[in-house]
Amino acid sequence: MEESSTPVFAPDHTHTHGDCTVVPLRGEIDLLTAPDLTRFLDSLTAGRHPDLLIDLRQVEFLDGSGITTLVRARSRAVAREGRVRLLCTHPPLLRVLRLPELRLDFDVLEHMPAPEPAT
């Protein structure tokens, strides 16, 4: 794998969609990119009731460290009475995220949901 010059996330591309924060990711989420992404997602799940929609539609590759990062974000959100959903349309990623053996149990969406009203 080659090191990409394009970061997997851009904080300025994060935006709200109704009551949730959309986090668009791209490229490869792997051993090289996961530490920075983990820190970024930790900052987004630090408060009460975090509601993240992590957009994986432009992600081409996800390894075990990337999955660990997503699981960590979900765990932190749930511990703070929030949630993390994934938006994914890439068939290879969908297969991994839905593998019963991994027991990931993510809420995986294949389409952008209608915005929920802010509470």
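Analyst: Helices (H or I, at least four residues) and strands (E, at least two) are DSSP runs, numbered from the N terminus, and the expected span of a helix is 1.5 Å times one less than its number of residues. This is a predicted model, where local features need pLDDT of at least 70, side-chain atom pairs count only at pLDDT 80 or more, and totals for chains, interfaces and linings use all residues. Residues are numbered from 1 along each chain as its sequence is written, and side-chain values use heavy atoms, with hydrogens and water left out.

User: OK, how far does α2 reach from its first C-alpha to its last?
Analyst: 22 Å for its 16 residues (64-79), close to the expected 22 Å.

User: Which residues of α2 are buried?
Analyst: Gly66, Ile67, Thr69, Leu70, Ala73, Arg74, Arg76 and Ala77. Buried means under 20% relative accessible area, exposed over 50%, partly exposed in between (1.4 Å probe, protein chains only).

User: Switching to salt bridges, how many are there?
Analyst: Eight, each a side-chain nitrogen of Lys or Arg within 4 Å of a carboxyl oxygen of Asp or Glu. One of them joins Arg83 and Asp51 at 2.9 Å, N to O. Arg83 is in strand β4 and Asp51 in strand β3, so that pair ties together parts 32 residues apart in sequence.

User: And is Asp51 buried or exposed?
Analyst: Buried, at 12% relative accessible area, while Arg83 is partly exposed at 28%. Asp51 also forms a salt bridge with Arg85, with the closest N and O atoms 3.9 Å apart.
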